[in-house]
Amino acid sequence: MIDYSKNRFLVVDDFSEFRTSVIGMLRLMAVKQADSAPRGEDAIAMCRNTQYDVILHDYNLGAGKNGQQVLEELHHLKLISPHCIFVMCTAESSQAMVMSALECEPDAYLTKPFNRASLQQRLDKLVERKTALKPILDALAKQDHRAVLAACEKVTVEHKRFAPQCLRYQANALKALGQRAELEKLLQAQLTDRPMPWAIIALGNLWLEQGKLEQALELFRSAISQFPMLPALFDGLAAVMAAMGEPKQAQEYIEQGIKISPNSLQRQQSLGKLAKANGDFDNAVRAYRQAVDLGQNSQFRDPESHLGLAASLNEQAGDQAPNPRAVLEIRKTLGDLGKSWKGDANLQVRAQLMEASTLIKTGDQREADKLIQQASTQLGELDTFFSAEVALEVAEQLKALGQEEQAKGILHTCAEMYGDDANVMHLIAEQTDDPAILNGGKAAQELNRQGIRLYQQKQFAEALPLFREAQALQPRNISFALNTAQSLLRMLLAQPDPELKAQCLDCLDQVRSMPASDARYERYQKLCNTVAGL
């Protein structure tokens, strides 16, 4: 019999009678420490101060965060340990809610009403599983992925019936360690032995990352016949089709996933983006509207949903003025954006340009000009430049608003910062034929390529002058700066030199305006911290 007397419980439900009833059941199970809360926000606040062993959380708490949003936030903020048991409780049975609850992967799902016996039976099994997996969970809590792998081997031998769970932890650890070949081998072995949804999705996504698009496509398609109610398979298919340059097909797959599970914020955002790119503004408006609504209480609320909704409403009207209701919604959406992300100057510029586009369509050129002027002034004062994708969008907006020179300036900066990415240059070429923008970085790119070849051959001293020359030609290019800094760091580690350190910091400072969303931002930060600490 499991001893619950030392475990701390949290019961979250908006009905006080239900909280009292559940705590009464827990007392009969010898539980001595049981807290309760009526709202998800309260639960998150309590988890900041207390490490709970078991959380029994209602899904629908009325206004405020629901159970899915609370669990996502607890994981995102690392407020619960891998040892914690999170049970989602609900009386609702709609497919949308059930799928939504399942997708955020609580440890268990408990349907109301339940009695003490059924509650204890469920908790006993969960505690037994967590106890058996404890060595893995201990390693996971320390984010020691190599220790997770070792613990998986041990637990698999000692508790064979938990071997399937061990395999999943093993796969996650291999992924975290970047051991792709080992991960692929493990997943293929698992699928040969027994096709499991998590393994199918993991292998499909791995092949997608590796560019094995046909293999990923075939895997996801064949899996749908076995698991037709698994929305993540449709997400995978959509991602593959998008990578294959088939955005309309990608949109169709995302729409199929949304029919199964519509309450996923990320899925609605993906549909909005695809539909907008496909010129399907009716569906884009619906998806972005849903994303804005779903994001109200979510940790993953994204300003791109607001901008996407405003842009899609504007585009939905074509060359005509949006109807008064749409204009009102655009203003409300952008107003909400301004309040919620008040300190983000980049978003303010984009919102001003968006609203200016709407005002011009409605014939209010004077107000539009004011906003364009404000945006133009702020553009020159931004501390952080846009991502390549956003920069291209802003340039297009400026061009449509008659701001040709500013649009050209944005494209020029975009080409300098991201021009070593062929795809970015291809998209820039769709907006301009200016040779100064399109060809300005070619010499620097060739020098960078030569430098990389030497660096990979461990000829660091020979690689550095090439990287330096490339960066001198294009000081704001992120890759050139990071490669130069990396080479300087190698020399610094071999022999400390204040002059070299100053050069390295100066080199990194030249790309300080890179957005935090850039995939290289983490590398940039590590370099800054390492060099500063020398």
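## Salt bridges and a few landmarks

Lys134 forms a salt bridge with Asp138, their closest N and O atoms sitting 2.9 Å apart. (A salt bridge here is a side-chain nitrogen of Lys or Arg within 4 Å of a carboxyl oxygen of Asp or Glu.) This is a predicted model, where local features need pLDDT of at least 70, side-chain atom pairs count only at pLDDT 80 or more, and totals for chains, interfaces and linings use all residues. Residues are numbered from 1 along each chain as its sequence is written, and side-chain values use heavy atoms, with hydrogens and water left out.

Both Lys134 and Asp138 lie in helix H6 (residues 134-141), four residues apart, or about one turn of the helix. Helices (H or I, at least four residues) and strands (E, at least two) are DSSP runs, numbered from the N terminus.

The structure holds 26 salt bridges. Here are three of them:

| Pair | Closest N and O atoms |
|---|---|
| Lys134 and Asp138 | 2.9 Å |
| Asp13 and Lys112 | 2.6 Å |
| Glu41 and Arg39 | 3.9 Å |

Now for Asp13 and Lys112. Asp13 lies in the loop between S1 and H1, and Lys112 in the loop between strand S5 (108-111) and helix H5 (116-132), so the pair ties together parts that are 99 residues apart in sequence. Asp13 and Lys112 are both buried, meaning under 20% relative accessible area, with exposed over 50% and partly exposed in between (1.4 Å probe, protein chains only). Together with Asp58, they're linked in a network of salt bridges.

By contrast, Glu41 is partly exposed at 23% relative accessibility, and Arg39 is partly exposed with a relative accessible area of 40%.
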